[in-house]
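Q: I would like to learn how to read several features of a protein model, one after another. Could we take each idea in general terms and then look at the case at hand?

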Amino acid sequence: MQKINDSEVRWGVIGVGNVCEVKSAPAMNLVPHSKLVGVMRRDEAKVKDYASRHGVPKWYTDAQQLINDPEVNAIYIATPPNSHLEMTRMAAEAGKPVYVEKPMARTHSECLAMIEVCEKANVPLYVAYYRRALPHFVQIKELIDGGAIGEIRTVHVNMKQVVEPEIITMLENNWRVVPEIAGGGYFFDLASHQLDLLDFFFGKITHASGFATNQAKAYAAEDLVVGSFVFENGVLGTGNWCFTSSHSAEKDEIILDGSTGQIRFATFGKGEFALIQDFQEPQHFHLSLPHHIQQPLIQSIVEDLLGTGTCPSTGVSGARANWVMGELVKTKIA
C-alpha cells in the first residue's frame, strides 16, 4: 500500500550535522524515486555551507519552515534525541512521514508519545537502525532462520571501549554523554544499535534487568552497564558494556550460541562475521559495506512509502530498544 500521494520522496532534513555528511543524507539522492530538496540547521553559516557543498537547493534555519515547504513530503530528523519528540510532532501534524535518528528518543515514554502522534496523524514513523538492512547482518539473520547453528541458546554482548571511543565521532559539544540531551551516555548511543539488531534477529525482548554505574566520573552519564535479558522466543542473553576500558581490553563482539554452532561478529566496523559449525572448519564472511551506510535502509523507506517494499525499522521496533536500555540502567550503583 502506498503511504504518500506522490511518485517520489522529496526529503527535508532537520539538523544537518556530522551524521548527514556521509552516512545518511547524501544517499537520498542516490536511491531511485528519492531526492534531497531542503536542509535545516539553526546556524545559518553552517546550513548554507552544507547546502552549497552537497548541492541542496533549499536551506532553512527554522524547522517549521522546512516542514511547511510544500515541495518537501518526508522529514528526516537528524538532531540529538532531546528534540526528537518535538520535531516528530511538528512533522506529523503537517502530515509528513518521519525518519528519525537513533536512539529514537531519550526514554521509552517519549518513544511511545512519538508513535502516538504519528498514528493520530496517520503518518509512517521510521528509525535509523540501519544495521537491519546491511548485507552481512541480513545474511546472519538468514543463517539463523535457516538453522545454520541449530536452535539458538544464548546471546552474549561484550563491548569494551576507552573513555573517548575511536568508533565515536568526537564533537566540540559531546552531547552523547549528557543525559538531559541523549538519555544516557555511550551505552544509549552504541548499545541501542546492538539491542535493536538482536531484536531484528530474534524478536522483542520481554524481560530485562541490570546494573549501571559511573566509575570514572569523566562525565555525568553511566559508563558501565551489565545486564541480562530474555527474548519472546525463549533465547537468553547477557551484556557487558564498559566505556572506561584500557586500549588493550577494547572489544566489540556479539556471540550467538546455537545447539550446533556459533556466529561471532562485531556490531561496528567491517562487514565481517564468523560461522562456526560443529565438526566443520570455521567460515569467515566478508561483505562490502555501502559508502553511505544508511543507503539500504533509506531505500527500504522510500519503497515502503511508495508501496513497492517494506522497511524493517519502524517506530514500534525502535521503541523496544529504548525500553530495554531503560530496564538495564534502572538500578544505579553509586
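**Reading the model, feature by feature**

A: Let us begin with burial, where buried means under 20% relative accessible area, exposed means over 50%, and partly exposed lies in between, with a 1.4 Å probe and protein chains only. Cys-311, with a relative accessible area of 11%, is buried. This is a predicted model, in which local features need pLDDT of at least 70 and side-chain atom pairs count only at pLDDT 80 or more, while totals for chains, interfaces and linings use all residues. Residues are numbered from 1 along each chain as its sequence is written, and side-chain values use heavy atoms, with hydrogens and water left out.

Q: How many disulfides does the structure hold?

A: A disulfide is a pair of cysteine sulfur atoms within 2.5 Å, and the structure holds 0 of them. Cys-111 is in no disulfide, since the nearest cysteine sulfur, which belongs to Cys-118, is 11 Å away. Cys-311 is likewise in no disulfide, and the nearest cysteine sulfur to it, that of Cys-118, lies 13 Å away. As for burial, Cys-111 has a relative accessible area of 0% and is buried.

Q: How should I read salt bridges, and what does the count come to?

A: A salt bridge is a side-chain nitrogen of Lys or Arg within 4 Å of a carboxyl oxygen of Asp or Glu, and by this rule the count comes to 18. One of them joins the side chains of Arg-10 and Glu-8, at 3.4 Å from N to O; Arg-10 counts as buried at 12% relative accessibility, whereas Glu-8 is partly exposed at 22%. Both residues belong to a network of salt bridges that links Asp-6, Glu-8, Arg-10 and Lys-35.

Q: Where in the chain do Asp-69 and Lys-58 lie?

A: To place residues, one uses helices (H or I, at least four residues) and strands (E, at least two), which are DSSP runs numbered from the N terminus. The side chains of Asp-69 and Lys-58 meet in a salt bridge of 3.0 Å, N to O. This pair links distant parts of the chain, 11 residues apart, with Asp-69 in the loop between helix H2 (63-68) and strand S4 (74-77) and Lys-58 in strand S3 (residues 58-60). Asp-69 counts as buried at 4% relative accessibility, while Lys-58 counts as partly exposed at 26%.

Q: What separates Asp-145 and Lys-141 along helix H5?

A: Asp-145 and Lys-141 are 4 residues apart in helix H5 (residues 135-145), so about one helical turn separates them. Their side chains meet in a salt bridge of 3.4 Å, N to O, and Asp-145 is exposed, with a relative accessible area of 53%.

Q: In which strand is Phe-211 found?

A: Phe-211 is found in strand S8 (residues 205-213), and it is partly exposed, with a relative accessible area of 46%.
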